Amino acid sequence: MRRKLLLGGLVSAMLLALVGVAANPASAQQSLRLQYKTSATGATADQVEPWFNLVNGGTSAVPLSGVRIRYYFKADAGSPQYRFACSWAVVSCSTVTGTFGTLSPGTATADRYLEVGFTSGNLAVGAQTGDLQLRFYRADWQRLTQSDDYSFGSARTTYADWTKVTVYQNGALVWGTSPSGGGGDPTPTPTPTISNPPGGSGVVFDDFTYNNADDPNISAHNWTVRTNSGGPGVPGASWPKQNVTFPTVSGTNKALQLKAVTDGTSSGTQQSEVLHQRKFLEGTYAARVKFSDAPVSGPDGDHIVQTFFTITPLAADLDPNYSEQDFEYLPNGGWGEPANIMYATSWETYRNEPWQAVNVHTEVRQSYAGWHDLVLQVSGGQIRYYIDGALFAEHGGEYYPETVQSVNFNLWFISGGLVGSSTSRNYVQQVDWFYHSKNEVVAPATVLSRVNNYRSASTAWVDTVPNP
């Protein structure tokens with residue numbers, strides 16, 4: 001919902017049919033060798049960023065499930081917790097795992113290690129994995145000291161063989177030198193659960209048949225029409241209840257309508273938001289939303305954001321329990337974009353001042369004016385975004401939500417993105433219906449079938465999802 005920053009490396013054009021690299025192993029067991037570089041070269045850093053390229057110079061293919069890579073480091077004072085993330089991998093981050101272990105006894109430069117493994121894949125003779133762009137950071141997001149870490153090489157900005165990172169194959173050391181102090185045998189790589197949750201365990205459906213923003217059924221159904229001040233958007237903007245209405249959009253069918261108004265000033269700017277209670281996590285979320293490319297009246301060009309999203313509130317800067325999954329349409333651009341763009345963004349956390357975003361996003365630069373069916377699936381460590389039945393984005397890893405979220409729709413202006421006109425302009429966004437199935441992955445076509453069944457039965461509201 002804010003400025004966007006994609007953490008991770010540049011997307012590579014490399015494929016898994018990888019280029020062979022010559023090697024002269026001393027034995028069959030020493031056929032694997034590890035190349036390393038870092039994209040965070042400072043003595044201290046927000047994140048340690050070891051990037052690896054594993055090369056098979058042997059005479060037989062190597063199943064990656066039997067390979068472990070260890071990067072050794074010295075823990076910072078206070079015994080902090082660490083978190084691992086894969087930003088980009090040619091072999092796919094979905095197959096890469098990371099766990100942390102302790103060296104006992106430790107050394108002056110190493111008492112912990114990051115152990116990287118693989119859940120699947122084979123490395124052909126003469127082939128290499130290509131980029132494994134990895135990173136880890138403190139759970140409290142304090143800066144790390146890496147200048148005293150055994151495996152860190154500040155001058156290694158291009159890939160080259162590096163023996164201060166070890167490689168194990170089927171439990172045997174085949175590359176590198178570990179710091180004295182041992183560390184035990186490599187642990188089995190945990191296999192992530194990617195299967196769908198068993199069945200559904202509650203449903204919410206709302207056809208938005210309310211009379212107006214004061215309809216008592218809105219709060220009875222656990223929706224809130226926002227009226228409090230604050231972000232996002234133009235500082236000083238208001239959030240009037242009357243900006244939320246329920247007009248008839250076809251026949252007798254009503255829709256939730258959000259309105260945003262501005263005359264170019266903070267005091268003359270109004271935004272709107274409707275949100276449901278926090279009780280949602282895994283499962284399927286869906287809504288039929290009408291986006292618009294121009295205001296209903298007044299001059300065009302303001303940087304306005306039209307949304308459908310889930311969110312866990314930020315308790316503090318870089319709160320590790322924060323999460324957010326966004327559909328955001330910017331008809332006039334914004335955040336450096338010159339024209340219409342659709343974002344699907346998954347958040348781990350963020351900090352406002354100074355700005356730091358930990359998110360991943362996918363975008364398409366085209367118009368999305370009109371009605372669209374938006375489906376969000378959160379299951380088995382993967383977040384999938386669909387627009388009109390087509391897969392739009394897939395995210396996972398650290399961006400997967402950990403705590404219950406609310407469901408939100410809002411319409412707001414990007415601060416600094418208003419056109420230089422004092423003529424009032426009026427934007428709207430409409431939502432035909434909302435649907436959620438807890439702990440069930442529902443295909444987009446099935447979502448529409450279920451919604452149509454509710455409507456055929458004149459069912460305007462269902463909520464069987466338990467409260468947290």
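A polar contact is a pair of N or O atoms within 3.5 Å, in which one atom must be able to donate a hydrogen and the other to accept it. In this predicted model, such a contact is found at Q377, where a polar atom of the side chain lies 3.0 Å from the backbone oxygen of V442. Q377 itself sits in strand β27, which spans residues 370-379. With a relative accessible area of 5%, Q377 counts as buried. Its surroundings are drawn from separate parts of the chain: leaving out residues up to four places away in sequence, Q377 touches G283 and T284, then Q382, I383, R384 and Y386, and finally V441, V442, A443 and P444.

Although D131 is buried, it has no salt bridge. The nearest side chain of opposite charge belongs to K37, 5.2 Å away, and a salt bridge requires a side-chain nitrogen of Lys or Arg within 4 Å of a carboxyl oxygen, so K37 does not qualify as a partner. The side chain of D131 does make a polar contact with the side chain of Q133, at 3.2 Å. Beyond its neighbours within four places in sequence, D131 is in contact with F52, W88, A89, V90 and Y159.

N170, in the loop between β13 (165-169) and β14 (172-175), has phi near 50 degrees, a positive value in a residue other than glycine. F208 likewise is not a glycine and has a positive phi, of about 55 degrees; this residue is placed in the loop between β15 (203-206) and α1 (216-220).

Cis peptide bonds complete the picture. One joins S104 and P105, with omega about 0 degrees, and P105 is found in the loop between β7 (96-102) and β8 (112-118). Another cis bond runs from G231 to P232, with omega near 5 degrees. P232 is also a loop residue, found between β16 (223-225) and β17 (244-245).

Conventions: Residues are numbered from 1 along each chain as its sequence is written. This is a predicted model: local features need pLDDT of at least 70, side-chain atom pairs count only at pLDDT 80 or more; totals for chains, interfaces and linings use all residues. Side-chain values use heavy atoms; hydrogens and water are left out. Buried means under 20% relative accessible area, exposed over 50%, partly exposed in between (1.4 Å probe, protein chains only). Lys and Arg count as positive and Asp and Glu as negative; His and the chain ends are not counted. Contact means heavy atoms within 4.5 Å. Helices (H or I, at least four residues) and strands (E, at least two) are DSSP runs, numbered from the N terminus.
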